[in-house]
Amino acid sequence: MAPLPITAIALASALGNGTGAATQAMRHGQSGLRRNDFLDCSLDTWIGRVPGLEDAPLGGGLAHFDCRSNRLALLGLQQDGFEAAVARAAARHGAQRVAVYIGTSSSGILEAELAFRRRDPATGALPATLRFSDTYNLYSVASFVQQRLGLHGPCCTVSAACASSAKAFAAAQRAIAAGLCDAAVVGGVETLCFTTLQGFAALELLSGRPCRPFDAERDGISIGEAAAFALLEKEAPGGETLALIGHGETADAFHMSTPHPQGLGATRAMRDALQLAGLSPGDVDYLNLHGTGTRNNDAAENAAVCAVFGERLACSATKGWTGHTLGAAGAVEAVLTLLALRDGFLPGTANTRRTDPQFGIRLALETVPQPLRHTMSNSFGFGGSNCSLLFGSA
């Protein structure tokens with residue numbers, strides 16, 4: 001695979017708006033997690049909430065898309081000069097040659113949850129204000145992003161649980177390689193909702209404190225929300241740039257929610273990414289772990305990482321900073337990994353105090369300066385959907 005230039009990135013998360021806010025927070029040890037204060041959800045847990053979305057309705061010609069998910073998508077697009085970068089790419093390639101690939105696992109499901117509260121008590125009918133195709137529909141967020149940016153190329157939503165937006169990168173690379181487009185807006189958008197909060201609580205996977213990935217006392221996840229985007233182009237307009245240099249996708253099909261105990265699918269995903277990039281394990285300087293903070297997931301990933309890299313590779317898990325952003329996690333953590341590569345630092349693992357002594361990985365607890373050549377980011381979803389992304393320069 002030839003390196004695919006990444007010419008712009010953007011992020012809005014619990015760490016703040018913009019990539020600069022995220023970098024500063026990680027460098028100063030400031031996690032974005034807070035005690036649960038999402039609407040009237042009373043669960044005793046911590047969340048990564050993006051403030052202000054409740055008071056930022058969409059207006060104008062895109063008002064019909066108004067929902068929490070698309071509000072967050074807009075906030076993400078408005079960061080880091082991303083919209084201007086896309087406009088320049090559209091001018092270079094043509095708007096019909098710029099695709100959109102967005103990963104999400106729940107899209108605007110919150111709109112349906114709130115609509116069910118307002119259903120007719122006599123007939124059970126949902127309110128006429130529920131706009132399924134523009135909000136609740138999984139495709140809604142991709143369609144909104146495409147229309148907001150004025151693009152006319154292929155447009156697709158990828159929904160594969162927590163690997164969704166990592167797989168969006170791989171799908172975009174294949175589309176560009178196949179000649180379907182010359183550039184792609186790739187990203188992930190996920191907002192808090194009752195389905196995910198109550199669902200993970202029912203699975204007994206929510207932690208009552210900020211999540212502690214790979215910690216000896218880890219006890220579950222903290223759910224977050226975020227929007228993250230990257231602009232991939234067939235050719236960079238000039239100069240050295242960040243690049244997607246490899247990806248690996250596998251499917252365990254081991255269990256509906258539990259990963260393979262030895263992480264066999266995860267192992268293959270990482271090895272496939274290395275092979276596609278033409279790299280050996282020793283060429284990678286940093287790995288952003290999937291690192292959910294649950295007992296089984298962290299143990300399986302530890303086994304997989306040690307099988308591929310041994311115990312030499314510097315690793316960290318960034319969900320302690322942002323929360324587990326589910327369908328957006330792949331894109332969020334890709335952007336954080338790209339920031340580490342671009343700015344030369346090794347992200348720490350927020351909230352984790354003592355790495356599980358049974359693990360062999362080399363886990364960084366504090367954020368420190370570190371020049372990096374090649375970085376990898378892991379995303380593993382329910383049902384055994386695995387994706388590893390490799391980044392370098394072009």
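**Strand pairing and helix packing in the predicted model**

Strand β4 (residues 46–48) runs parallel to β8 and is joined to β8 by two bridges, strands being DSSP runs of E of at least two residues and helices runs of H or I of at least four, numbered from the N terminus. In this pairing (at least two DSSP bridges between two strands), glycine 48 lies opposite glycine 224 of β8. The structure is a predicted model, in which local features need pLDDT of at least 70 and side-chain atom pairs count only at pLDDT 80 or more, whereas totals for chains, interfaces and linings use all residues. Residues are numbered from 1 along each chain as its sequence is written, and side-chain values use heavy atoms, with hydrogens and water left out.

The open sheet consists of three strands in the order β3-β4-β8, with mixed pairing; β3 (34–35) and β8 (223–224) are the edge strands, each pairing on one side only.

Helices α7 (residues 164–177) and α12 (residues 329–343) have axes that come within 4 Å and cross at roughly 70 degrees, where axes are lines fitted to C-alpha atoms, for helices over the stretch in contact, and angles run from 0 to 180 degrees between N-to-C directions. The two helices, α7 and α12, are therefore roughly perpendicular to each other (65 to 115 degrees). Ser165, Ala166 and Phe169 of α7 meet Ala329, Gly330, Ala331 and Ala334 of α12, contact meaning heavy atoms within 4.5 Å.

Helix α9 (residues 264–277) packs against helix α10 (residues 295–309) at an angle of about 35 degrees, with the axes 8 Å apart.

Methods: Parallel < 35°, antiparallel > 145°, perpendicular 65-115°, else oblique.
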